[in-house]
Amino acid sequence: MASDAIAIPSLPVVSDRPWIQTLHDWLTTVDHKRLGILYVLYGLFFLVIGGIEAIIMRIQLMRPHNDFVSPQVFNRMFTMHGTTMIFFMVMPMVFGFANYLVPLMIGARDMAFPRLNAFSFWLTALGGLLLYFSFLGGSGLYGAGNAPDVGWWAYAPLAARAFSPGHSSDYWTISLLVSGFGSIGTAINIIATVLCMRCPGMKLNRMPLLAWLNLIMAGMVLFAITPLSAAQLMLLVDRYLGGHFFDTQAGGSAVLWMHFFWIFGHPEVYVLVIPAFAFMSEIIPVFSRKPIFGYPVMVAATVCIGFVSMSVWAHHMFTVGMNSYANSFFAITTMAVGIPTGIKIFNWIGTMWGGRIQFKTPMLFSIAFLFQFLVAGLTGIIQSSAPVDWQLSLSYFVVAHFHYVIVGAIVFAIFAAFYYWYPKVIGRMLSEKLGKWHFWLFVIGFHLTFDTMHIPGLLGMPRRIYTYEPGRGWDTLNFIVSIGGIIQAIAVLVFVANMIISYWKGAKAGNDPWDAWTLEWSVSSPPPAYNFASIPVVESRRPLWDLKHPEDPDSRYE
Amino acid sequence: MRRTNNSITARGFQILALVFWFTVAAVAQSATRPTNTNIFAPESTPAKSIVDLSIFVLVITGIIFVAVGTLLVYVVVKFRDKATDTGREPAQVYGSNQIELAWTVIPVLIVVVLFLATARVIHAIQDAPKPASAFEVTVIGHQFWWEFRYPKLGIVTANELHIPVSDPAHPTPTFLKLLSADTDHSFWVPQLGGKTDLVPNRVNEMWIDPHRTGVFLGQCAQYCGVQHAKMLLRVSVDTPEDFDAWARAQQKAPTDDAAVTAGRRVFEATACINCHSISGTAANGHFGPDLTHLMSRRTIASGAAENTPENLRLWIRTPDAIKPGSLMPAMNLNEQDVDALVRYLETLQ
């Protein structure tokens with residue numbers, strides 16, 4: 001009986017199977033690695049779609065009074081760009097990496113609930129399809145379709161039926177509701193996996209930081225997505241069942257929607273950026289050849305960010321007329337988030353201090369992450385000062401700031417993660433040469449776009465305008481921003497080409513191409529379906545270091 | 001392979017530096033050109049105290065940026081993997097509680113300082129008492145234009161706010177009561193103050209006290225629908241004498257010119273009167289701007305076009321040509337009626 005349980009059939013060779021069988025395998029899979037790949041591919045697809053929407057906006061804004069697209073189309077573009085990039089690009093990406101990596105890093109054979117995992121992915125997938133189906137069905141019986149155009153915050157009462165007839169806003173609402181349930185499912189799964197599936201010896205304080213940070217992220221998802229889902233349900237009640245939660249014409253409150261949205265929206269920023277921190281906390285040590293500096297402090301700082309970020313949401317609402325006490329409260333909580341965040345930056349620099357830094361592509365993206373995240377954090381501090389925000393809020397300065405976070409930090413970290421773990425997932429290395437082209441093009445495009453974008457905000461340019469008046473000093477700046485956007489798009493094409501070419505042509509990776517220390521590098525690349533033939537036993541935070549350096553194992557110091 | 005990578009890196013740095021200087025030059029050129037929406041050119045007390053606070057915050061964050069950025073560059077250069085290094089791993093350091101404590105305490109102190117400076121300005125602007133000499137205007141946001149009501153003067157106008165200049169020795173600040181008729185909007189004239197939202201079913205307030213006369217530009221900052229972009233805003237700050245003259249002109253009823261009776265009849269006989277008001281006529285609609293003194297305004301369509309006869313004609317015939325998606329419908333009038341109507345509107349001084 002015991003020997004039967006150990007006999008695990010090896011993976012069938014893919015080329016022997018008919019394609020329909022392969023497709024069926026992927027569609028019905030409950031394997032965390034395949035679901036992780038599906039999540040990431042799904043996110044990549046929407047990265048390209050959201051990028052196209054961004055480029056359309058940037059062409060329109062290249063010069064004043066341009067008429068490349070109509071205001072209606074432009075408004076749909078920024079609504080869809082924001083919704084897509086947050087909910088269907090970054091969220092699936094970070095969930096995909098978490099799905100793939102967490103079980104491997106904690107020595108488990110799968111997630112705690114494999115079927116819930118598949119269910120969550122397909123819910124998210126359905127959400128994205130629903131959102132984009134609005135291009136066809138958004139006007140319902142009225143005829144031609146149209147996508148939602150109420151902005152990705154869908155502020156009340158603009159999303160009420162009086163101002164948003166047809167079904168485009170409903171597609172937005174239901175798509176976020178559906179994908180939100182998917183996110184909650186995945187979050188529960190990650191929490192259960194991390195808490196219950198660790199291999200022998202993997203105490204909580206020996207977990208790789210990636211597992212720790214994803215645990216915190218998952219906990220935050222539970223607190224952040226639920227108010228959003230509640231608000232979506234209330235909006236649906238308003239729109240179809242005669243409710244008046246946000247219906248200002250019947251005594252409802254527009255500000256209530258803002259509170260619901262931002263009590264989701266701000267923790268959401270950290271839901272997205274904490275996995276980026278997780279990638280950094282794995283990649284920077286390996287390419288500095290040193291363990292992470294201050295492991296317990298890194299965990300504590302992240303938990304602290306998780307808690308404090310729950311009490312900062314109304315800094316998105318400094319202009320809605322809260323009283324001076326509320327404004328002061330949300331100013332200080334927002335500034336306070338900077339403290340644990342700063343500690344994390346210092347600890348990453350401390351990790352590099354005294355190391356031997358290797359400038360492989362993942363590390364290049366990580367160093368750029370550190371620099372850009374520093375700037376993003378500091379422009380955040382500038383805006384946390386409520387009176388300064390009365391000028392900067394809703395201007396292009398804010399747009400530059402949060403793109404610095406989401407592109408400069410999160411997307412750079414995701415690219416670093418791609419270059420770092422692609423060899424594990426595919427079994428072949430990504431080309432370093434194309435990787436460096438990708439990196440430099442993206443860095444140049446990024447800074448051209450988002451450094452410059454701060455300035456029109458200071459010169460009084462509001463966001464979400466499809467065109468602007470000449471003679472306000474915005475013209476040249478917007479032109480530069482648009483050129484940078486196009487360079488970034490070229491860089492992403494180089495990246496996609498690199499992934500496709502390396503899939504067939506890349507050098508064989510072997511189990512452990514980076515000489516790394518966590519458990520995923522102990523198995524073959526790609527890992528077998530069952531991950532570990534026998535469940536490993538660990539004695540320190542860096543089990544592979546212990547194996548490679550038996551004369552000086554980590555377990556001696558912890 | 002290694003050579004190739006190094007040359008890509010070197011060229012990357014070169015291009016990055018070039019791009020940096022190009023951007024700096026363009027930014028410097030744009031930022032130094034005189035514009036009237038620059039937040040660093042304040043002309044009113046709230047805007048001025050915000051600039052002072054901004055500079056304080058910028059200096060502190062700038063110092064942090066230079067310090068941490070330099071540290072980062074130093075670490076990357078100093079601890080890079082050199083060709084001379086042997087394959088040995090560097091010393092494995094796990095952390096240091098003293099260092100962690102140091103880089104926790106310093107940010108805490110910085111936050112305390114920033115917060116105190118911030119709270120002071122929040123209080124100074126938001127809790128400023130309203131002096132007896134304060135001037136009051138009610139601002140009502142509409143899709144996609146501004147309505148201004150002067151309750152004490154009995155004036156209703158649109159899109160171009162006239163207020164008296166405030167002499168710092170004898171301040172006459174203007175207190176704005178902010179309301180919305182439909183969706184959220186935001187009142188933003190960068191040189192006069194920060195922005196405050198106009199939220200339906202809610203009363204907000206802000207104040208400005210411009211120190212010099214002139215026209216200050218701004219626009220709606222909170223996304224409010226299709227034509228959010230062309231919901232422009234002009235604030236004309238007048239000397240007390242000019243302001244009084246303007247107010248007296250606004251309070252007068254329009255002169256009834258017999259030469260344009262035909263145009264007036266067109267106005268009163270079509271759907272114009274459902275949305276617009278002209279005092280002394282049958283027109284008393286409230287969805288669109290009050291036109292009683294239309295010709296006293298320099299722009300139409302909330303600043304989207306100059307107020308010229310040609311633009312008025314275009315606006316009446318095809319509003320979408322000036323402001324696509326605006327709520328003004330194309331009236332489908334024949335040529336004669338449009339001519340008559342424009343001639344009539346031109347008499348509304």
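Residues are numbered from 1 along each chain as its sequence is written, and chains are lettered from A, with ligands numbered from 1, in the order in which they are written. Because the model is predicted, local features need pLDDT of at least 70 and side-chain atom pairs count only at pLDDT 80 or more, whereas totals for chains, interfaces and linings use all residues.

Helix α3 of chain A covers residues 32-60 and helix α5 of chain A covers residues 114-137, and their axes come within 10 Å and cross at roughly 15°. Helices (H or I, at least four residues) and strands (E, at least two) are DSSP runs, numbered from the N terminus, while axes are lines fitted to C-alpha atoms, for helices over the stretch in contact, with angles from 0 to 180 degrees between N-to-C directions. The two helices are therefore roughly parallel to each other, since angles under 35 degrees count as roughly parallel, over 145 as roughly antiparallel, 65 to 115 as roughly perpendicular and the rest as oblique. From α3(A) the contact is made by A:H32, A:L35, A:L38, A:Y39, A:Y42 and A:F46, and from α5(A) by A:P114, A:N117, A:A118, A:F121, A:A125 and A:G128, where two residues are in contact if their C-beta atoms, placed from the backbone, lie within 7 Å. These residues divide into 9 nonpolar, 3 polar and no charged; Ala, Val, Leu, Ile, Met, Phe, Trp, Tyr, Cys and Pro count as nonpolar, Asp, Glu, Lys and Arg as charged, and the others, Gly among them, as polar.

Elsewhere in chain A, A:I191 lies in helix α6, residues 168-196, and touches A:L215, A:A218 and A:G219, not counting residues up to four places away in sequence. The C-alpha atoms of A:I191 and A:M217, 26 residues apart along the chain, are separated by 9.2 Å. With 19 C-beta neighbours inside 10 Å, A:I191 counts as partly exposed, the class between buried (20 or more other C-beta atoms within 10 Å, with C-beta atoms placed from the backbone) and exposed (12 or fewer).

Turning to the interface, 89 residues of chain B are in contact with 91 residues of chain A. On the side of chain B that touches chain A, α1 (2-32), α2 (45-78), α3 (97-126) and β7 (196-198) of chain B each supply at least two residues, and α3(B) gives the most, with 16 residues. The residues of this side of chain B divide into 46 nonpolar, 31 polar and 12 charged. One residue that reaches across is B:L16, which lies in helix α1 of chain B and which, leaving aside its neighbours within four places in sequence, is in contact with A:V443 and A:I444. B:L16 is partly exposed, as 14 other C-beta atoms lie within 10 Å.

Chain B also holds an open sheet of 3 strands, in the order β4-β10-β9 and with mixed pairing, two strands being paired if DSSP finds at least two bridges between them. Strands β4 (160-164) and β9 (214-219) of chain B stand at the edges with a single partner strand each, so one side of each is left without a neighbour in the sheet. The twist averages 25° from one strand to the next. Strand β4(B) pairs with strand β10 of chain B, residues 232-238, in the parallel sense over 5 bridges, and B:E160 stands opposite B:R234 in β10(B). Helix α4 of chain B, residues 240-251, lies across β4 and β10 of chain B and runs at about 130° to β4(B).

The peptide bond from A:S525 to A:P526 is cis, with omega near -10°, and A:P526 is found in the loop between α15 (475-505) and α16 (543-548) of chain A. In chain B a cis peptide bond with omega of about 0° joins B:Q143 and B:F144, and B:F144 sits in the loop between β1 (135-142) and β2 (145-150). B:A301, although not a glycine, has a positive phi of about 55°, and its place is in the loop between β11 (299-300) and β12 (305-306) of chain B. B:S302 likewise has a positive phi of about 55° without being a glycine, and is placed in the loop between β11 and β12 of chain B. B:A301 is buried, with 24 other C-beta atoms within 10 Å, and B:S302 counts as buried with 24 C-beta neighbours inside 10 Å.
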